[in-house]
Amino acid sequence: MSPAPEATADRQHLAVAALSLWLIVTSPWVSMLRRIPSGAGWLDYAHVVVGAVLLVLALVYVRTCTREGRWQLYFPYAPAQIGNVGRDLAGLLRGRIPASEGGGLFGLVEGLLLVALVATASTGAAWLFAQGSAEALAWRGHHILAARVFIGLLLLHVLAVATHLLDLLRD
C-alpha cells in the first residue's frame with residue numbers, strides 16, 4: 001500500500017529542506033570557479049553530488065506539489081486567486097497575519113521558493129556541465145544569484161511559518 005500523498009509530500013519537503021540547508025551552510029567552503037579543482041576536497045565533491053541529488057528531488061517535489069490542480073495554491077496568478085494575494089497584502093499592512101492556505105501571499109512565497117530551488121539546482125548543474133569553458137563563469141554567476149534569491153525566499157518562508165506558529169499559540 002502506498003503512503004498518502006500528504007505524507008509523501010511531507011517527506012519530500014523534509015528531504016529538500018535538509019539537503020538545501022546542508023548546501024547553504026557548507027557553500028562558503030566550496031572553492032570552484034571554472035571547474036572542479038584538481039585538488040578538490042570531499043566537501044567540493046559532496047556539494048556537487050548533493051546538488052545533483054537535490055535537482056532530481058526538487059523536480060519530483062515540484063511535481064508532487066503541483067499535481068491535481070494544486071499548482072494554483074503555489075502560483076496564484078489566475079484572476080480569481082490574485083485577489084487572495086491582494087487581500088493578504090492589505091491585511092499585512094494593517095498588522096494582520098496572512099492566511100497560511102488558499103493560494104494567498106503565503107502560497108505565492110512558497111511557489112517562488114519552488115521556482116528558486118529549481119533555478120538554483122539547474123544553474124548549478126549547468127555550471128558543472130560547462131566546467132572548463134568560458135560559459136562556466138557565467139553559469140557560476142547565475143548559480144550564485146539564484147542561490148541568494150533562494151536563501152532570501154527561504155528566510156521569508158521561515159519567518160511566515162514562525163508568525164503562523166506564534167499566531168496559533170496565541171489562539
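The protein exposes about 10400 Å², and carbon and sulfur atoms supply 70% of that area; accessible areas come from the Shrake-Rupley method with a 1.4 Å probe, where for residues only the protein chains shown count as cover. Please keep in mind that this is a predicted model, in which local features need pLDDT of at least 70, side-chain atom pairs count only at pLDDT 80 or more, and totals for chains, interfaces and linings use all residues. Residues are numbered from 1 along each chain as its sequence is written, and side-chain values use heavy atoms, with hydrogens and water left out.

Of the 171 residues, 37% are buried, where buried means under 20% relative accessible area, exposed over 50%, and partly exposed in between, with a 1.4 Å probe and protein chains only.

Now the fold. You'll find six helices and zero strands, so defined as DSSP runs numbered from the N terminus, helices being H or I with at least four residues and strands E with at least two. Along the sequence that reads α-α-α-α-α-α. Taking contacts between residues at least 6 apart in sequence, 64% join residues at least 24 apart; contact here means heavy atoms within 4.5 Å.

Let's look at one pair of helices. The axes of helix 2, residues 42-66, and helix 5, residues 105-129, come within 9 Å and cross at roughly 145°. Those axes are lines fitted to C-alpha atoms, for helices over the stretch in contact, with angles running from 0 to 180 degrees between N-to-C directions. Which residues meet there? From helix 2 they include Leu54, Leu55, Ala58 and Leu59, and from helix 5 they include Leu114, Leu117, Val118 and Ser122. The residues of this contact divide into 14 nonpolar, one polar and no charged, counting Ala, Val, Leu, Ile, Met, Phe, Trp, Tyr, Cys and Pro as nonpolar, Asp, Glu, Lys and Arg as charged, and the others, Gly among them, as polar.

Helix 2 itself has 25 residues and reaches 35 Å from its first C-alpha to its last, close to the 36 Å expected at 1.5 Å a residue; the expected span is 1.5 Å times one less than the number of residues. After helix 2 comes glutamate 68, with a positive phi near 55°.

Alanine 119 sits in helix 5 and is partly exposed at 30% relative accessibility. Its C-alpha is separated by 7.8 Å from that of histidine 143, 24 residues apart along the chain. Glycine 86, in helix 4 (residues 79-93), is partly exposed too, with a relative accessible area of 38%.
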